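Visitor: I have a new model open and would like to walk through it with you. Could you show it to me, and then take my questions?

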Amino acid sequence: MIQSDPVIEWLLDSDPSIRWQVMRDLLDAPEREWMAERTKIETEGWGARLFSCQDEDGQWAGGAFLPADFDPHEWKEHGQPWTATTFSLSQLREFGLDPACGCARRTVELIGANARWEEGGQPYWEGEVEECINGRTVADGAYFGIDVSPIVDTLAGERLDDGGWNCERINGSVRSSFASTINVLEGLLEYQRATGGTHRSREARRTGEEFLLARNLFRRLGTGEPADKRFLRLLHPNRWRYDILRALDYFRSSAILAGTDPDPRLGEAIDHLRSRRLQDGSWPLDDSPAGRVWFEVDDGQGKPSRWVTLRAMRVLRWWDTQPSINA
């Protein structure tokens with residue numbers, strides 16, 4: 001591999017969880033090389049550090065969605081805490097931890113035996129009651145080799161009439177939300193990658209994608225105005241929250257899995273992503289969800305972010321190499 005791009009060199013001067021994805025997605029390194037880098041996540045850097053925070057029973061912070069010591073005043077005053085099991089698992093998936101490694105296998109087994117959702121008390125891998133949480137549980141479970149088919153079937157039946165999902169459905173919401181929809185879509189995509197999916201799950205993914213595409217990833221369908229200006233801000237870690245880069249990275253993965261061309265309706269979001277590139281070739285971190293974390297993986301809001309830059313570069317590389325878009 002030849003790294004002559006200063007931005008690429010900056011990305012490589014980082015954690016194994018970023019380096020292996022740069023090697024695979026930006027440098028087209030041979031699989032044996034990026035796989036060798038990926039194996040380091042279990043024992044080095046952020047991956048090893050997150051495992052060092054794990055409880056003996058396989059959970060993190062003593063809870064499934066909330067830390068065992070959670071106080072509602074903390075959420076109100078400092079933001080949602082992100083240290084419990086569900087967010088730690090999702091972070092390991094984002095890092096790209098090898099699902100076949102010893103730590104991963106031990107973790108999913110212990111969580112299955114010991115973790116219970118605070119809402120309902122059901123075993124962790126049976127899923128929670130809310131669509132947004134269950135979307136991430138499906139993504140994590142499918143990635144780490146758990147049979148999450150019952151949760152997938154439930155999610156497919158919880159679609160709203162406009163094709164997407166809203167975690168406030170149980171409280172009467174009849175319109176899908178961008179955030180709930182992307183959480184479920186990522187789960188269904190991971191499930192399809194792992195199993196091939198079912199007719200119901202693939203159809204659910206199709207209508208969920210159409211919900212976002214019909215809105216150009218960030219606009220209201222009726223007025224064309226931005227549904228939320230925060231969707232245009234570059235966020236990391238996303239946790240449950242939505243931004244256009246998260247959606248673009250999803251549609252990139254979806255198209256690669258299916259072997260299809262990009263949808264032209266992604267173009268406006270792509271143009272906005274290009275406009276946010278800094279003079280040095282990196283992208284900034286605009287926002288990060290407030291709340292307790294085990295440790296930071298970015299250098300701070302307003303500063304160049306390796307995570308945002310990696311995702312932006314691979315999205316644009318995919319988009320710019322599609323003949324159907326650039327003809």
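Guide: Gladly! One term before we start: two residues are in contact when heavy atoms lie within 4.5 Å. Please also keep in mind that this is a predicted model.

Visitor: Then let me start with that term: what covers the buried residues of α13, including which helices?

Guide: The buried residues in α13 are G267, A269, I270 and L273. Seen down the axis of α13, these buried residues fall within an arc of 160 degrees, so they line one face of the helix. The cover over the buried residues of α13 includes α12 and α14.

Visitor: Against which helices do the buried residues of α9 pack?

Guide: Helix α9 spans residues 149-156, and its buried residues are I151, V152, L155 and A156. They cover an arc of only 140 degrees around the axis, which puts them on the same side of α9. Packed against those buried residues of α9 are α8 (131-143), α10 (178-195) and α11 (199-213).

Visitor: Stepping back, how many helices and strands does the protein have, and what share of its residues counts as buried?

Guide: The secondary structure is quickly told: the protein has 15 helices and 0 strands. Buried means under 20% relative accessible area. Of the 327 residues of the protein, the share that counts as buried is 55%.

Visitor: What radius of gyration does the protein have?

Guide: Along the principal axes, the C-alpha atoms fill a box of roughly 55 × 50 × 40 Å. Among the contacts with a separation of 6 or more, 65% join residues 24 or more positions apart. A compact globule with 327 residues would have a radius of gyration near 20 Å, and the protein agrees with that, at 19 Å.

Visitor: And the surface and the charges: how many Å apart are the centres of the positive and negative side chains?

Guide: The protein exposes about 14,400 Å², of which carbon and sulfur atoms supply 48%. As for charge, there are 40 positive and 54 negative side chains. The distance between the centres of the two sets is 3 Å.

Visitor: Is N216 buried or partly exposed, and what is its relative accessible area?

Guide: N216 is placed in the loop between α11 and α12. Its phi is near 55 degrees, a positive value in a residue other than glycine. With a cut-off for buried of under 20%, N216 counts as partly exposed, because its relative accessible area is 23%.

Visitor: And A61, is that buried or exposed?

Guide: A61 lies in the loop between α4 (45-52) and α5 (72-78). Phi of A61 is near 60 degrees, a positive value in a residue other than glycine. Its relative accessible area is 17%, so A61 is buried.

Visitor: Which residues is P284 in contact with, leaving aside its neighbours within four places in sequence?

Guide: P284 has its place in the loop between α13 (267-275) and α14 (306-320). Its relative accessible area is 5%, so P284 is buried. Leaving aside neighbours within four places in sequence, the contacts of P284 are L234, R276, L278, K303, P304, S305 and V308.

Visitor: One last stop: what separates the C-alpha atoms of A100 and G145?

Guide: A100 lies in the loop between α6 (85-95) and α7 (102-114), and it is partly exposed, with a relative accessible area of 48%. Along the chain, A100 and G145 are 45 residues apart. Their C-alpha atoms are separated by 8.6 Å.

Definitions and conventions
Residues numbered from 1 in each chain as written. Predicted model: local features only at pLDDT ≥ 70, side-chain atom pairs only at ≥ 80, totals over all residues. Heavy atoms only, no water. Buried < 20%, exposed > 50% of the residue type's maximum accessible area, 1.4 Å probe, protein only. Helix = DSSP H or I, 4+ residues; strand = E, 2+ residues; numbered from the N terminus. Arc of directions from axis to C-beta. Rg over C-alpha atoms; globule rule 2.2 N^0.38 Å. Areas by Shrake-Rupley, 256 points an atom, 1.4 Å probe, with all protein chains shown as cover. Lys, Arg positive; Asp, Glu negative; His and termini not counted. Charge placed at Lys NZ, Arg CZ, Asp CG, Glu CD.
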